[in-house]
Amino acid sequence: YVEPISVTPFASKALDRYEMEVSSQKRPNTKAREITSANKLRNSFTGLTLKEITPARVAAFRDMRLKTVGPSTVQKDLALLSHLYTIARMEWALEVTNPVASIRKPTKPDGRLRLLSKEEARYLLETCKKSRNANLYPFVQLLLHTGMRPSEGAGLVWGQVDIDARIINLTITKTKPRRVPLTITAVEILLHIMPEECDRGLFVFLPQKISSAIQRRPNLFFRRAFDNALKKAKIEDFHMHDLRHTAASYLLMAGVDLRTLADILGHSTMQMVQRYTHLLDDHKLKAVDRIAGLGL
């Protein structure tokens with residue numbers, strides 16, 4: 001139970017209500033992240049009402065947080081505070097002005113983009129085959145052939161897999177639900193590990209009994225085995241999420257258009273896939289070199 005909001009509510013009570021009415025409706029990962037942000041905001045604005053939180057105070061909060069965490073984390077904190085004011089004004093009928101709107105937001109560094117060369121991909125898969133985690137190899141190979149997020153791939157259940165249609169139905173994703181097409185190789189991977197009696201609710205890669213931490217982030221089940229495989233394959237500066245970047249990059253270089261790539265990856269805006277386009281520069285140079293002798 002959350003007490004009714006007063007005319008000039010304290011930020012702590014407004015955050016309590018926000019957590020109950022808004023954050024509680026979101027996915028576990030997002031909910032946990034928003035609770036962390038809300039706690040930081042409570043500590044920084046203790047004893048202040050929503051009207052007393054001025055742009056200057058929010059700017060001071062921003063600068064203080066940037067001393068200990070990265071710009072992305074601070075952006076999330078500010079986004080929650082901003083949305084709190086939107087909800088307070090539009091749904092709780094409070095006369096408040098959003099102090100976040102008039103301050104500078106931290107700038108995130110350029111998105112990191114690391115992909116495997118074909119040789120690195122071969123080394124990595126060969127190493128994954130030897131892992132104690134028997135499902136590491138098919139898991140990594142499936143990510144390379146679909147571009148799914150690691151958490152999406154790790155948390156798959158057989159009811160989401162349509163072998164005949166060569167489609168994976170992703171109903172719970174970071175963005176909107178989507179259908180992921182499967183290569184012939186991906187189908188063969190899944191057929192190889194598919195049990196004879198395949199219950200729709202059975203995990204494809206995970207054991208049936210998993211911890212709450214793995215329920216929230218299924219890819220954690222593969223973290224240690226994947227990191228060990230990278231070390232043995234002598235692949236540096238590479239993370240599990242980079243398997244998605246690798247798949248996206250090779251799809252683009254194979255001639256897949258940006259709109260289709262965005263649909264496959266589940267990006268809601270074209271801006272997210274635009275960052276891959278610079279990878280085509282060398283690809284285009286090799287293409288035009290084929291007519292280097294034209295007219296000579």
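Me: Which way do helix α1 and helix α2 run relative to each other, given that their axes come within 10 Å?

Reply: Happy to start here, and please keep in mind that this is a predicted model. The axes of α1 (residues 11-21) and α2 (residues 28-44) cross at roughly 170°. Angles over 145 degrees count as roughly antiparallel. The two helices, α1 and α2, are therefore roughly antiparallel to each other.

Me: Which residues of α2 make the contact with α1?

Reply: On the α1 side, the contact is made by Ser12, Leu15, Asp16, Tyr18 and Glu19. By class, the residues in the contact of α1 with α2 are five nonpolar, one polar and four charged. On the α2 side, the partners are Glu34, Ile35, Ala38, Leu41 and Arg42.

Me: How many helices and strands does the protein have?

Reply: Let's step back to the whole chain for a moment. Its C-alpha atoms fill a box of roughly 70 × 65 × 35 Å along the principal axes, and buried residues make up 41% of the 296 residues. The secondary structure comes to 14 helices and three strands.

Me: What share of the protein's contacts with a separation of 6 or more is between residues 24 or more positions apart?

Reply: Contact here means heavy atoms within 4.5 Å. Among the contacts with a separation of 6 or more, residues 24 or more positions apart account for 61%.

Me: Is Val140 buried or exposed?

Reply: Val140 lies in helix α6. Its relative accessible area is 0%, and the cut-off for buried is under 20%. So Val140 is buried.

Me: Which residues is Val140 in contact with, leaving aside its neighbours within four places in sequence?

Reply: Let's look around this residue of helix α6. Val140 and Ala154 are 14 residues apart in sequence, with their C-alpha atoms 9.5 Å apart in space. Setting aside the neighbours within four places, the residues in contact with Val140 are Leu124, Leu125, Cys128, Phe226 and Leu243.

Me: Which residues are closest to the centre of the second largest pocket?

Reply: About 430 Å³ of space lies in the second largest pocket. It is lined by 18 residues, and the closest to its centre are Leu144, His145, Thr183, Ala247 and Tyr250.

Key: Residues are numbered from 1 along each chain as its sequence is written. This is a predicted model: local features need pLDDT of at least 70, side-chain atom pairs count only at pLDDT 80 or more; totals for chains, interfaces and linings use all residues. Side-chain values use heavy atoms; hydrogens and water are left out. Axes are lines fitted to C-alpha atoms, for helices over the stretch in contact, and angles run from 0 to 180 degrees between N-to-C directions. Helices (H or I, at least four residues) and strands (E, at least two) are DSSP runs, numbered from the N terminus. Angles under 35 degrees count as roughly parallel, over 145 as roughly antiparallel, 65 to 115 as roughly perpendicular and the rest as oblique. Ala, Val, Leu, Ile, Met, Phe, Trp, Tyr, Cys and Pro count as nonpolar, Asp, Glu, Lys and Arg as charged, and the others, Gly among them, as polar. On a 1 Å grid over the protein atoms alone, a cavity is a set of points where a 1.4 Å probe fits but cannot get out, and a pocket is an open set with protein on both sides within 12 Å along at least five of seven lines; lining residues have an atom within 4 Å of a point. Grid points are joined across faces, edges and corners, and a volume is the space filled by probe spheres set on the points. Buried means under 20% relative accessible area, exposed over 50%, partly exposed in between (1.4 Å probe, protein chains only).
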